Amino acid sequence: MIDPFQTLGVEARFDLDPDDLARRHRDLSRALHPDRYAGAPAAERRLSLSRAIEVNDAFRVLKDPIRRAEALLRRAGVPVGETAEPKPSPDLLMEMMERREELGDARRRKDLDAVRALAEAIRGREREVLASMGRQFAASDPDATKLAVVLPELGELRYLRRFLDEASAIEEELSS
Amino acid sequence: MAYSEKVIEHYENPRNVGTLDKNDEHVGTGLVGAPACGDVMRLQIKVSDAGVIEDAKFKTFGCGSAIASSSLATEWLKGKTIDEAEQIKNSMIAEELHLPPVKIHCSVLAEDAIKSAIADFRSKQAAKKALPGQ
């Protein structure tokens with residue numbers, strides 16, 4: 001597995017400066033642009049193209065906090081994915097079930113304001129979880145046993161993301 | 001990824017979507033989730049005094065396979081005794097729905113939900129028996 005941090009030449013940390021990330025992506029993409037290799041030998045053209053794809057993939061991973069966290073955990077040897085992660089807490093499941101049902105009710109009532117208010121509350125939660133994950137990542141050494149403490153929050157982040165995806169689909173549906 | 005016909009059929013016509021009163025002593029509720037995909041599944045059973053599951057309901061927020069797995073589970077649960085219900089394995093659900101390997105965890109979630117609903121029902125019954133004067 002290619003290390004996306006190395007590909008973009010940024011430090012392997014959770015709190016990345018999004019502007020710096022975008023700048024590095026742009027600079028590398030320019031340097032690897034096919035136009036620059038128009039007269040180069042075929043092997044070099046192929047190499048620059050595969051590097052450009054790698055750079056785009058790495059950018060997509062690092063831009064997304066969930067995938068960035070997964071990449072950091074994998075780097076440290078912490079297994080992520082379906083069977084490896086702790087089960088979500090009953091409180092979180094109960095809350096997400098209730099919020100999703102409220103969202104469904106708001107959709108049936110065609111209550112766009114209610115959908116927006118629910119999404120806004122969850123976005124607030126998402127900001128809190130991201131900040132807390134940033135602190136956890138910063139506080140732990142790249143040590144598998146210590147980094148595993150972020151797994152419950154990573155799980156929570158995925159639940160919040162699912163909610164927000166659903167909410168924006170409904171917002172779009174109700175505003176059209 | 002292509003869903004099997006059976007998954008699509010359950011997804012489009014889910015059976016037994018809804019809620020049972022979780023405070024009813026005859027009702028057992030299972031609430032489970034898959035952290036890697038952000039799915040949440042609630043499965044409820046209503047058990048008669050004779051120990052037969054007379055009703056089952058579910059609500060799942062997740063992918064088509066997770067919805068189909070829980071829908072199928074409620075269909076299978078109705079009319080079974082608790083002991084029979086415990087015999088339902090995720091592999092049976094996966095096989096019936098032709099789930100591909102990457103979606104097997106959806107059937108695991110459904111099995112977890114059944115087990116957790118049964119455990120909730122049993123703990124309610126045990127609590128009832130423990131009450132003095134009954």
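Trainee: What is the relative accessible area of Glu86(B)?

Mentor: Glu86(B) has a relative accessible area of 31%, so this residue is partly exposed. Before we go on, some ground rules. This is a predicted model, in which local features need pLDDT of at least 70 and side-chain atom pairs count only at pLDDT 80 or more, while totals for chains, interfaces and linings use all residues. Residues are numbered from 1 along each chain as its sequence is written, chains are lettered from A and ligands numbered from 1 in the order written, and side-chain values use heavy atoms, with hydrogens and water left out.

Trainee: Which side chain meets Glu86(B) in a salt bridge?

Mentor: General idea first. Side chains of opposite charge can pair when their charged atoms come close. The cut-off for a salt bridge is a side-chain nitrogen of Lys or Arg within 4 Å of a carboxyl oxygen of Asp or Glu. Here the partner of Glu86(B) is Arg122(B), at 3.0 Å from N to O. The pair links distant parts of the chain, 36 residues apart: Glu86(B) sits in the loop between helix H3 (82–85) and H4 of chain B, and Arg122(B) in helix H5 (residues 104–130). Helices (H or I, at least four residues) and strands (E, at least two) are DSSP runs, numbered from the N terminus. Arg122(B) is partly exposed too, at 37%.

Trainee: How many salt bridges are there over all chains?

Mentor: The whole structure holds 30. Take Lys6(B) and Glu96(B): their closest N and O atoms are 3.5 Å apart. Again, distant parts of the chain are linked: Lys6(B) is in helix H1 (residues 5–12) of chain B, Glu96(B) in helix H4 (residues 90–97), 90 residues apart. Lys6(B) is partly exposed at 36%. Glu96(B) is partly exposed at 31%.

Trainee: What separates Lys115(B) and Glu111(B) along helix H5 of chain B?

Mentor: About one helical turn, because they are 4 residues apart in that helix. Their side chains form a salt bridge at 2.3 Å, N to O. Lys115(B) counts as partly exposed at 39%, but Glu111(B) counts as buried at 13%. In chain A, salt bridges that share partners join Glu95(A), Arg99(A), Glu102(A), Arg125(A) and Glu156(A) into one network.

Trainee: Which side chain of opposite charge is nearest to Glu153(A)?

Mentor: Arg135(A), at 6.7 Å. Glu153(A) is buried yet has no salt bridge. For charge, Lys and Arg count as positive, Asp and Glu as negative; His and the chain ends are not counted. Glu153(A) is found in helix H8 (residues 151–175) of chain A. Leaving aside neighbours within four places in sequence, Glu153(A) is in contact (heavy atoms within 4.5 Å) with Val129(A), Ser132(A), Met133(A) and Gln136(A).

Trainee: What pattern does chain B follow along the sequence?

Mentor: Read along the sequence, chain B runs α-β-β-β-α-α-α-α, with 5 helices and 3 strands. Buried residues make up 49% of its 134 residues. Among contacts in chain B with a separation of 6 or more, 61% join residues 24 or more positions apart.

How values were computed. Buried < 20%, exposed > 50% of the residue type's maximum accessible area, 1.4 Å probe, protein only.
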